[in-house]
Amino acid sequence: MTLMHRAVHAIVGVLAFLAVLGAPAGAQVGKLVDPNMATESDLAQLPHMTPAIVKGMIEKRPFKTVVELNKFLLDQKLTPDQAKEFYRKAFVSINLNTGTKEESLLIPGVGARMSAEFEEYRPWKTWTQFDKEIGKYVGQPETDRLKQYFFIPTS
């Protein structure tokens with residue numbers, strides 16, 4: 001192995017190690033924080049969270065759906081826009097095969113048409129299928145962003 005190869009391997013190793021250190025354990029759904037798993041300190045760092053909201057959220061967990069979480073946040077006097085900002089960082093993931101229109105419309109940037117597309121292509125079996133079908137309407141960066149809001153159940 002050449003000196004250049006060793007240097008590249010060392011850099012890749014360091015970057016991978018730093019990525020692991022920077023990720024909060026157990027609190028991620030893709031890149032999003034899972035409000036059902038996040039620590040109090042993780043929740044406190046999210047948009048529009050006050051100590052009282054964080055305490056109430058922890059007491060109310062688990063939220064079975066993002067709709068339940070949304071009701072909680074709006075009851076705490078967050079505006080719909082503030083809740084959407086929260087959902088850019090944290091979300092209760094949606095089962096892609098059974099999720100409702102009400103759930104998918106809470107995903108930032110998703111409207112009625114895209115929500116209907118999620119339902120039209122059921123049953124979802126793979127992320128490759130998702131990339132192919134949803135990719136007809138948006139580019140790969142957007143399908144990658146959308147995937148973090150969903151899960152495909154294993155049979």
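**Group meeting: a cavity and the helix beside it**

The chain has 9 helices and 4 strands, where helices (H or I, at least four residues) and strands (E, at least two) are DSSP runs numbered from the N terminus. This is a predicted model, in which local features need pLDDT of at least 70 and side-chain atom pairs count only at pLDDT 80 or more, while totals for chains, interfaces and linings use all residues. Residues are numbered from 1 along each chain as its sequence is written, and side-chain values use heavy atoms, with hydrogens and water left out.

Along the sequence the order is α-β-β-α-α-α-α-β-α-α-α-α-β. Of the 155 residues in the chain, 37% are buried; buried means under 20% relative accessible area, exposed over 50%, and partly exposed in between, with a 1.4 Å probe and protein chains only.

Now the cavity. Rolling a probe the size of a water molecule over the atoms shows where empty space is left. On a 1 Å grid over the protein atoms alone, a cavity is a set of points where a 1.4 Å probe fits but cannot get out, and lining residues have an atom within 4 Å of a point. Grid points are joined across faces, edges and corners, and a volume is the space filled by probe spheres set on the points.

The structure holds 1 cavity of 30 Å³ or more, and the volume of the largest cavity is about 40 Å³. Its lining includes Ile-94, Lys-101, Ser-115, Phe-118 and Arg-122. Two elements, α6 (101-104) and α7 (112-120), each give two or more residues to this lining. The largest share, 3 residues, comes from α7.

Which residues of α7 are buried? They are Met-114, Ser-115, Glu-117 and Phe-118. Seen down the axis of α7, these buried residues fall within an arc of 155 degrees, so they line one face of the helix; the arc is that of the directions from the helix axis to the C-beta atoms. Turned away from that buried side are the exposed residues Arg-113 and Glu-120. The cover over the buried residues of α7 includes α6, α8 (127-134), α9 (140-147) and β4 (150-151).

Last, the backbone. A cis peptide bond joins Arg-122 and Pro-123, with omega about 5 degrees, and Pro-123 sits in the loop between α7 and α8. Another cis peptide bond joins Arg-61 and Pro-62. Lys-77 is not a glycine, yet has a positive phi of about 80 degrees. Lys-77 is exposed, at 69% relative accessible area.

Definitions and conventions. 1 Å grid on protein atoms, 1.4 Å probe; cavity = no way out; pocket = protein on both sides within 12 Å on 5 of 7 lines; lining within 4 Å. Contact = heavy atoms within 4.5 Å.
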